[in-house]
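Biologist: Please take a close look at the charged side chains here, and then at the rings. Keep it brisk.

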Amino acid sequence: MKYSNEEIKKSIVDFLGEEGNEYFRNLKEEHGTCWVREDVDGWSTTNWVKEGRQIRNHVIDKFPDIVEELGDYEDFEDFIYTIVEEIFE
């Protein structure tokens, strides 16, 4: 792959900033995962809808050919899901 996982992880950590890193670190400690389901105004949703999409869009902007390099959009989203988990292990 054209971009290293470490380069992508650093970009995500920098993008999240102190508050975002603390948010994901706390989720990982409390729930064992960075991706949780929550109830908002009676609707069940996941934090992927807000935070996950922001991370995904940042990575696409920062690393323009990454989706194609990973195969397709589904593979890319799986990659983002996994790499964020790895950051906060």
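Modeller: Start with Asp14 and Lys10, whose side chains form a salt bridge at 2.7 Å, N to O. This is a predicted model. Both residues sit in helix α1, four residues apart, about one turn of the helix. Asp14 is exposed, and Lys10 is too.

Helix α1 holds another such pair. Lys9 and Glu6 meet in a salt bridge of 3.7 Å, N to O. They lie three residues apart in α1, again about one turn of the helix. Lys9 has a relative accessible area of 16%, so it is buried. Glu6 is exposed, at 56%.

Now a bridge between helices. The side chains of Glu77 and Arg56 come to 3.0 Å, N to O, in a salt bridge. Glu77 belongs to helix α4 and Arg56 to helix α2; the pair links distant parts of the chain, 21 residues apart. Glu77 is partly exposed at 22% relative accessibility. Arg56 is buried, because its 12% is under the 20% limit.

Asp75 is partly exposed, with a relative accessible area of 35%.

Next, the rings. There are seven aromatic pairs. In one of them, Phe24 and Trp35 have ring centres 5.4 Å apart and planes at 65°, so the pair is edge-to-face. Phe24 lies in helix α1 (residues 5-31), while Trp35 lies in the loop between α1 and β1 (37-40), so the pair ties together parts eleven residues apart in sequence. Phe24 counts as buried at 1% relative accessibility. Trp35 counts as buried at 9%.

Trp35 also pairs with Trp48, edge-to-face, at 5.1 Å centre to centre and 70° between the planes. Trp48 is in helix α2 (residues 48-62) and Trp35 in the α1 to β1 loop, so this pair ties together parts 13 residues apart in sequence. Trp48 is buried too, with a relative accessible area of 16%.

Finally, the wider group. Tyr23, Phe24, Trp35, Trp48, Tyr81 and Phe88 form one aromatic cluster.

Note on methods:
Residues numbered from 1 in each chain as written. Predicted model: local features only at pLDDT ≥ 70, side-chain atom pairs only at ≥ 80, totals over all residues. Heavy atoms only, no water. Buried < 20%, exposed > 50% of the residue type's maximum accessible area, 1.4 Å probe, protein only. Phe/Tyr/Trp six-rings, centres within 6.5 Å; stacked < 30°, edge-to-face > 60°. Helix = DSSP H or I, 4+ residues; strand = E, 2+ residues; numbered from the N terminus. Salt bridge = Lys/Arg side-chain N within 4 Å of Asp/Glu carboxyl O.
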